[in-house]
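Hi,

Here is the structure I promised to pass on. Have a look at it first, and then read my notes below.

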Amino acid sequence: MAIHFNHTIVWSRDRAASAAFLAEMLGLPAPDEFGPFRVVATDNGVNVDFADKQGVISTQHYAFLVGEPEFDEILGRIREKGLSYWADPGQHKAGEINTRDDGRGLYFKDLNGHLLEIITRPYGSGGQRP
């Protein structure tokens, strides 16, 4: 059997709100409940499972490969909500997008401070080295 990434757990203050935010921003179906998790299913079968956590939440980075039309739709939702976004993970290029590998990408934060990234081309696919 080939090895495929199946799911990850994202710690949050409010799993329902956090899962709903991601699903809305990415234009995915509403989250399902599975045990203690609120689950956002992506189109390639990978689940993002949100779980509640008390105390400190260490922020993480989650990247999503999207098509050009989806990128425009997500960027529209980011702007509509007045969210900050950046062209770089260091968050120095505010309000900009990057054009790595002849695609487009940007970073924005979720409700818990996790850094979400959307890209239209996988890194290295345009001949550029990450």
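Before the strands come up, one definition: two strands count as paired if DSSP finds at least two bridges between them. By that rule S3 (residues 37-41) and S4 pair, since 4 bridges join the two strands, which run antiparallel. Do keep in mind that this is a predicted model.

First, the overall picture. The chain has 2 helices and 8 strands, and from the N terminus the elements follow the order β-α-β-β-β-β-α-β-β-β. Its radius of gyration is 15 Å, close to the 14 Å that the globule rule gives for 130 residues, so the chain is as compact as a globular protein of that length. Along the principal axes, the C-alpha atoms fill a box of roughly 40 × 40 × 25 Å.

Back to S3 and S4. Across that pair, Val 39 stands opposite Asp 49 in S4. The hairpin made by S3 and S4 has 5 residues between the strands, and Gly 45 takes a positive phi near 85° there. S4 (residues 47-52) also pairs with S1 (residues 7-12), this time in parallel, through 6 bridges. Val 10 has Phe 50 in S4 as its bridge partner.

Then there is an open sheet of 4 strands, in the order S5-S8-S7-S6 and with mixed pairing. S5 (61-65) and S6 (85-86) are the edge strands, each with a single partner, so one side of each is left without a neighbour in the sheet. Inside the sheet, S7 (residues 105-109) and S8 (residues 115-119) pair in the antiparallel sense over 5 bridges, and Leu 106 stands opposite Ile 118 in S8. Helix H2 (residues 68-80) packs on this sheet, where the helix touches S6, S7 and S8. The direction of H2 makes about 35° with that of S7.

And where is the open space? The largest pocket holds about 490 Å³ of it. Of the 20 residues that line the largest pocket, Thr 42, Asp 43, Asn 44, Phe 64 and Leu 65 are the closest to its centre. S5 and H2 are the elements that give two or more residues to the lining. By type, the lining residues divide into 11 nonpolar, 5 polar and 4 charged.

Cheers

Definitions and conventions: Residues are numbered from 1 along each chain as its sequence is written. This is a predicted model: local features need pLDDT of at least 70, side-chain atom pairs count only at pLDDT 80 or more; totals for chains, interfaces and linings use all residues. Side-chain values use heavy atoms; hydrogens and water are left out. Contact means heavy atoms within 4.5 Å. Axes are lines fitted to C-alpha atoms, for helices over the stretch in contact, and angles run from 0 to 180 degrees between N-to-C directions. On a 1 Å grid over the protein atoms alone, a cavity is a set of points where a 1.4 Å probe fits but cannot get out, and a pocket is an open set with protein on both sides within 12 Å along at least five of seven lines; lining residues have an atom within 4 Å of a point. Grid points are joined across faces, edges and corners, and a volume is the space filled by probe spheres set on the points. Ala, Val, Leu, Ile, Met, Phe, Trp, Tyr, Cys and Pro count as nonpolar, Asp, Glu, Lys and Arg as charged, and the others, Gly among them, as polar. The radius of gyration is taken over C-alpha atoms; the globule rule is 2.2 Å times the number of residues to the power 0.38.
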